[in-house]
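Reader: Could you walk me through this one before I set anything up? I'd like to start with a single residue and then move on to confidence.

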Amino acid sequence: MAMQLHAASPDSEHYVAKSPPPPPPLSPHPEPAPAFVKPKSPHVSQGGNAPVATATTPLTPGRVDRARHDHHGGGGGGDEAAQLLNGIVLVLRAGAALLSFVAMALVASCRHGDWMDFLRYQEYRYLLGVSVVAFVYSAAQALKNFRRRRRGAADASFLDFAGDQAVAYLLVTASAAALPITIRMRSAVVNVFTDAIAASIALGFLAFAALALSAMLSRHA
């Protein structure tokens, strides 16, 4: 056997059998393998495995304003009702201003001399003065209401409600005070003077009704 090994290797003097290297020593505390974590999908609901389709809607200025309005508790129906009431109040005040102006013009035109002069009667002077006040007040309120609606602030104040009531009271008292003497005049004679005074009294009552209704609606606007 030794002879065969010596014959197989010509350099037997320097021949050394090589063995494979030993395996590395095992660590006493082996590191655990990393656990596999499944990534969460942003489109999966919490309670199920079915994917949920999500859509992103761009916010336009109109949608932002609507969202702010809904967040503060405002409703579209209530806002539309308030706008409608304020529009009716504006029309009523403008109508009261027009009626008062026509009544004022009719009374001021009754200067026909002698007994057909409105300055001879205290009731007609009072009716003229109240018609002037009602015209100025109603026109100013209608203009203020129109500007307020254009700015988007349609809330009425307590002063508007009180002012409508006060001017309406003046109109009804002035028209009621001028009515008895006019009825007596018209029972005796019917002419341009009595017709103009009767028309101004009727317009005063209509202006009173317009402002009274305006006061009721402005309270709820």
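Reader: Where is Ser138 found?

Author: Ser138 is found in helix α4, which covers residues 122-151.

Reader: Is Ser138 buried or exposed there?

Author: Ser138 is buried, because its relative accessible area is 0%, and the cut-off for that word is under 20%.

Reader: And what does the side chain of Ser138 reach?

Author: The side chain of Ser138 reaches the backbone oxygen of Ala134, at 2.8 Å. Leaving aside residues up to four places away in sequence, Ser138 touches Arg93, Ala96, Ala97 and Leu211.

Reader: Switching topic, where does UniProt place the feature "transmembrane region"?

Author: The UniProt record, an unreviewed entry, places that feature at residues 84-106, 126-146, 166-185 and 197-217. In the model, residues 126-146 are 100% helix and 0% strand, with the end C-alpha atoms 30 Å apart. For residues 166-185 the span is likewise 100% helix and 0% strand, and its end C-alpha atoms lie 30 Å apart.

Reader: What is the mean pLDDT of the protein?

Author: The mean pLDDT is 77, and 62% of the residues reach 70 or more. Over residues 1-16 the pLDDT is below 50, and that stretch has 2 contacts in the model beyond near neighbours in sequence. Residues 69-75 also have pLDDT below 50, with 3 contacts counted in that way.

Reader: How should predicted coordinates be read where pLDDT is low?

Author: Where pLDDT is low, the predicted coordinates should not be read in detail.

Terms used
Residues are numbered from 1 along each chain as its sequence is written. This is a predicted model: local features need pLDDT of at least 70, side-chain atom pairs count only at pLDDT 80 or more; totals for chains, interfaces and linings use all residues. Side-chain values use heavy atoms; hydrogens and water are left out. Helices (H or I, at least four residues) and strands (E, at least two) are DSSP runs, numbered from the N terminus. Buried means under 20% relative accessible area, exposed over 50%, partly exposed in between (1.4 Å probe, protein chains only). A polar contact is a pair of N or O atoms within 3.5 Å; within protein, one must be able to donate a hydrogen and the other to accept it, and residues adjacent in sequence count only if both atoms are side-chain atoms. Contact means heavy atoms within 4.5 Å. UniProt positions are given in the numbering used here, feature names are shortened, and annotations may be inferred rather than shown by experiment. pLDDT is the predictor's confidence in each residue, from 0 to 100.
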